[in-house]
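Thanks for coming. Please have the sequence and the structure open.

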Amino acid sequence: IKRAVELGCNVIDSAINYRFQRSERAIGVALKQMFDAGKASRDEIIVATKGGFFPFDDEPPRDPRAWVIENVIDKGLARPEEIAAGSHCMTPAYLEDQLARSLENLGLETIDVYYVHNPESQLEAVNRDEFGHRLRAAFEFLERAASDGRIGCYGTATWNGYRQQPGSRGYLSLAEVASVAREVGGENNHFRVIQLPHNLAMPEALTLGNQVVEGEHLSLLMAAARVGITVMCSASMFQAKLAQNLPPFVGEALKGLSTDAQRAIQFVRSTPGVTTALVGMSQRTHVDENMGVAAVPPASVEEFFGMFSSEEP
């Protein structure tokens, strides 16, 4: 983490359930060490995390069901019917508990971006009307958290929700989600950021016209620009599947880079409408290689869209 920041990384993204809270705690240690040593200041780093899935603590419990009963239901954080697929919850009381834990894990007074993690998971258990009620309640809590300074802003971090066709069970309409935030927080609401996968193998955010804004069918990235929402993209290397063996035309279009891992990241950060390319890194060598992209400007619009006019498949 410290090496990534040293090389120019200024966004650190996590979730309370990543590695059973160990991810947030490792970030908290690294941030404290950097701040104490004067290697970075708080306003130089955007810290994002997520709440929604059950995080457990350090390792999986022997009896997950008993853990949920003891740590969620018996504590009054949610009723059994408010839990989706036995693993997801976004009641205000539960998010309040999770936000407090994340702040402690990270050692911060304010989390810059707090996401409801995969809210579309709820649609596996309830109808859209009930989902709307639950989303509204979650946003009401997050507006309060923003008002008292515990978070800077909030959003939704999704996997499938924004990439599906309308009519699909887990489909999310960005315009409708943003409308809920406006109903709760007015025009100056704190719903500012969304996260979804985008990469060379999963380009739906750019290519699929599945979002409707004021009667017009748009891609997710175009819809976000229209609604005024920042987009951060996960899975830049498709969980390392794009780190090697990319077709030659990608390298011809995305110049100045030496590895396919770098080209995969460059594709994401160069996509019009994308602000941030997120990538998981578990080794220092990966950090050094991936952060090499920071020394190269994003591809121009002509270079980027030149890939799509190639005769290659």
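Is the crossing of α5 and α6 left-handed or right-handed? Before I answer, a word on the source: what you see is a predicted model.

The crossing of α5 and α6 is right-handed. Helix α5 covers residues 128-147, and its axis comes within 9 Å of the axis of α6, at a crossing angle of roughly 50°. The two helices, α5 and α6, are therefore oblique to each other. On the α5 side, the residues that meet α6 are L135, R136, F139, E140 and E143. On the α6 side they are V177, V180, A181, E183, V184 and G185. As a general point, an α-helix has 3.6 residues a turn, so residues three or four places apart point the same way.

N189 sits in the loop between α6, residues 174-185, and β5, residues 191-197. Is N189 buried or exposed? N189 has a relative accessible area of 8%, so it is buried. Its side chain has polar partners in the backbone. One is the backbone oxygen of G186, which the side chain of N189 reaches at 2.8 Å. Another is the backbone nitrogen of F191, 3.0 Å from a polar atom of the N189 side chain. If we set aside neighbours within four places in sequence, N189 is in contact with E143, A181 and R182. Two of those names have come up already: E143 of α5 and A181 of α6 are both listed where these helices meet.

The axes of α2 and α4, the latter being residues 92-106, come within 7 Å and cross at roughly 40°. From α2, the contact is made by E24, R25, I27, G28 and L31. From α4, R101, S102, N105 and L106 take part.

A40 is in the loop between α2, residues 22-36, and β2, residues 46-51. With 10% relative accessibility, A40 counts as buried. Which residues is A40 in contact with, leaving aside its neighbours within four places in sequence? They are V5, M34, F35 and I45. For a sense of scale, A40 and K75 are 35 residues apart along the chain, and their C-alpha atoms are separated by 38 Å.

Then there is α10. Why is helix α10 described as largely enclosed by the rest of the structure? Because 10 of its 11 residues, in the stretch 260-270, are buried. The buried residues of α10 are D260, A261, Q262, R263, A264, I265, Q266, F267, V268 and S270. What covers them includes the strands β8 (230-234) and β9 (276-277). The cover also includes the helices α9 (248-253), α11 (284-290) and α12 (301-306).

Last, the cysteines. How many disulfides does the model have? The count comes to 0. For C9, the closest cysteine sulfur is in C233, 15 Å away, which is too far for a bond. C153 is in no disulfide either, and its nearest cysteine sulfur, again that of C233, is 16 Å away. Both residues are out of the way of solvent by the accessibility criterion: C9 counts as buried at 17% relative accessibility, and C153 counts as buried at 10%.

That is the list; I will take questions.

How values were computed:
Residues are numbered from 1 along each chain as its sequence is written. This is a predicted model: local features need pLDDT of at least 70, side-chain atom pairs count only at pLDDT 80 or more; totals for chains, interfaces and linings use all residues. Side-chain values use heavy atoms; hydrogens and water are left out. Buried means under 20% relative accessible area, exposed over 50%, partly exposed in between (1.4 Å probe, protein chains only). Helices (H or I, at least four residues) and strands (E, at least two) are DSSP runs, numbered from the N terminus. Contact means heavy atoms within 4.5 Å. A polar contact is a pair of N or O atoms within 3.5 Å; within protein, one must be able to donate a hydrogen and the other to accept it, and residues adjacent in sequence count only if both atoms are side-chain atoms. A disulfide is a pair of cysteine sulfur atoms within 2.5 Å. Axes are lines fitted to C-alpha atoms, for helices over the stretch in contact, and angles run from 0 to 180 degrees between N-to-C directions. Angles under 35 degrees count as roughly parallel, over 145 as roughly antiparallel, 65 to 115 as roughly perpendicular and the rest as oblique. A crossing is left-handed if the near helix is turned anticlockwise from the far one by less than a right angle, and right-handed if clockwise.
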